[in-house]
Number of protein chains: 2
Amino acid sequence: MRQAHECGCDLVVFTECALTAFFPHWYMEDEDEIDSYFERGLPSDATRPLFEEAARLNIGFYLGFAELAFVDGRKRRFNSSVLVGGDGRIVGKFRKIHLPGHEDHRPGNPFQNLEKRYFDVGDLGFPTWNAFGGVVGMCICNDRRWPETYRVLGLRGAEMVLVGYNTPYHIPEHPEMDRLADFHHQLSLQSGAYQNGCWVVAVAKAGVEEGVSQIGKTSIIAPSGEIAAESRSLDDELVVCRCDLDATTAYKQGVLNFAGNRRIEHYGPITSQSGASAPGGTEK
Amino acid sequence: MRQAHECGCDLVVFTECALTAFFPHWYMEDEDEIDSYFERGLPSDATRPLFEEAARLNIGFYLGFAELAFVDGRKRRFNSSVLVGGDGRIVGKFRKIHLPGHEDHRPGNPFQNLEKRYFDVGDLGFPTWNAFGGVVGMCICNDRRWPETYRVLGLRGAEMVLVGYNTPYHIPEHPEMDRLADFHHQLSLQSGAYQNGCWVVAVAKAGVEEGVSQIGKTSIIAPSGEIAAESRSLDDELVVCRCDLDATTAYKQGVLNFAGNRRIEHYGPITSQSGASAPGGTEK
């Protein structure tokens, strides 16, 4: 954050679950052990210095963290992020919607991907906020592979989408796709940016963590879909980019402007069915 | 078609409005003149030889054409395509949903883009059909830039999406985007393929037609999102690719499987609003 401040940045994006190791990679049964990875609220005693330093530097940030919350009196666990303004106050919160992986222990795999076990599906939808001189939205990791994520945010005016992610190079169930990890990552970001005329800032926990190799490719994507900046290593690295929010206008008002072109009467299945159905459709 | 047959193809994709010059590039007021570009039905006397040759060679095809139809007694004009089986019979029809361009004459522009003037919005949705040993869907040109197109087709099981397109290099309203024409084209196809685990076969009317330079980049995209084959010129060219429909399975059942991951309760705005709204969303 201090380094970013020296570079003139007014917003820093940290990654998914930035405060802990990415514990969904291993299997736990003990509830207390699981809970130990979760925050009860932000800022806490341990995290307050980050918020205070942000206010001191007048620099905002996105922070991914594991969140333990009580919703209607029931303990819930979310994979969350907060957007914090340059005054150190929380602008908004997001809870990850698209949880990857599995619920069951798979001891034959080199590591687990137990997000479906440890986290509940986010219950806050995809909000956007007026912040940093524009309209900002958030998502987390696997959310970025789903065009619905960017579209809902785009329909709420997002000019910049912030994404933290932890993505292993190896998919134990589909090793033949490992070689495509970087490509699939950037393809998702680039199409989401272009098709919604927004900046996408995606930040990785990169390198080897607890034996799991993570992709890097922290990427800042322009509303054109072009890669404006990206990381050059799998080490700690600050990627700086000047993001002109006015560059969204030509895309939002041009060929892909929503109001003049979207035909919601033909999009029904997108919100009426989660899984695929048999071939069919209107006949005439 | 004969050349494709010699190469062992069982399906040929022709482009959008393949039977005429792309007349939305010029302004017309005379109804009869406009109608002269439209087919009243397929096969007609003029097009029957194509259907008969298809049956003789046992080769199917996608054909884009301008369609004049009477719907509920009213004359309508659509930008349509048909899918024809190896027996020369029509499997299904599609009518373009996302019409680009404008309705008004813009005499200051080097050419017009009057699809919104000459065509009605398609009224058949995005159907899919069991054909060619798999599940096939269609769309036309600008439809390919909208993730909703692929998603509705994907939700109806599409393993292959066929697209004909006529795309000028120059966007008179946004000349600064001209340099990105090929990139935006392929980005849309590649993300649609990857995010829905399907093949996308996109075929261009390329080169200069009536003074308008069209992009080429006929592209066949694998379910991985990779470019499996593409054209190498702006001339007449047959691009051949063996498309293994079983290659869709790992994607449809893997990380991006719909039933286990899509969260339609959070996608509401996609079908409830066409245009963008103010920032907002669930607050908690």
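A salt bridge here is a side-chain nitrogen of Lys or Arg within 4 Å of a carboxyl oxygen of Asp or Glu. With that in mind, and remembering that this is a predicted model, begin the tour in chain B by selecting Asp35(B) and Lys75(B), which form such a bridge with their closest N and O atoms 2.7 Å apart. Asp35(B) belongs to helix H2 (residues 31-35) of chain B and Lys75(B) to strand E3 (residues 74-84) of chain B, so the contact ties together parts that are 40 residues apart in sequence. Colouring by accessibility will set the two partners apart: Asp35(B) is buried, with a relative accessible area of 6%, whereas Lys75(B), at 32% relative accessibility, counts as partly exposed.

Now move to chain A and select Glu31(A), Asp35(A), Lys75(A) and Arg77(A), which are linked in a network of salt bridges. Over all chains, the structure holds 44 salt bridges.

**Between the chains**

Next, show both chains and select Arg151(B) together with Glu148(A), whose salt bridge brings the closest N and O atoms to 2.6 Å apart. Since Arg151(B) lies in helix H5 (residues 147-155) of chain B and Glu148(A) in helix H5 (residues 147-155) of chain A, the pair joins two chains. Are these two residues buried or exposed? Arg151(B) is buried, and Glu148(A) is buried as well.

**Aromatic rings**

Turn now to the rings, for which the count comes to 20 aromatic pairs over all chains. Select Trp26(A) and Tyr37(A), an edge-to-face pair with 6.2 Å from centre to centre and 70° between the planes. The pair links distant parts of the chain, 11 residues apart, with Trp26(A) in the loop between strand E1 (11-13) and helix H2 (31-35) of chain A, and Tyr37(A) in the loop between H2 and helix H3 (48-57) of chain A. Trp26(A) is partly exposed, its relative accessible area being 24%. Extending the selection to Phe23(A), Phe38(A), Tyr118(A) and Phe119(A) brings in the other members of a cluster that ring pairs link together with Trp26(A) and Tyr37(A).

A further stop is Tyr165(A), where Arg144(A) lies over the face of the ring at 4.3 Å from its centre. In chain B, select Arg144(B), whose charged end sits over the ring of Tyr165(B), 4.3 Å from the ring centre.

By class, the lining of the largest pocket divides into 27 nonpolar, 8 polar and 7 charged residues.

The second largest pocket has a volume of about 1,100 Å³. To find its centre, select Leu11(B), Val12(B), Val13(B), Leu238(B) and Val239(B), the closest of the 40 residues that line it. Helix H1 (2-6), strand E1 (11-13) and strand E8 (199-204) of chain B are the elements that give two or more residues to the lining of the second largest pocket, and that lining has 25 nonpolar, 8 polar and 7 charged residues.

How values were computed:
Residues numbered from 1 in each chain as written. Chains lettered and ligands numbered in written order. Predicted model: local features only at pLDDT ≥ 70, side-chain atom pairs only at ≥ 80, totals over all residues. Heavy atoms only, no water. Helix = DSSP H or I, 4+ residues; strand = E, 2+ residues; numbered from the N terminus. Buried < 20%, exposed > 50% of the residue type's maximum accessible area, 1.4 Å probe, protein only. Phe/Tyr/Trp six-rings, centres within 6.5 Å; stacked < 30°, edge-to-face > 60°. Lys NZ or Arg CZ within 6 Å of the ring centre and 35° of its normal. Nonpolar A, V, L, I, M, F, W, Y, C, P; charged D, E, K, R; others polar. 1 Å grid on protein atoms, 1.4 Å probe; cavity = no way out; pocket = protein on both sides within 12 Å on 5 of 7 lines; lining within 4 Å. Points joined across faces, edges and corners; volume = space filled by probe spheres on them.
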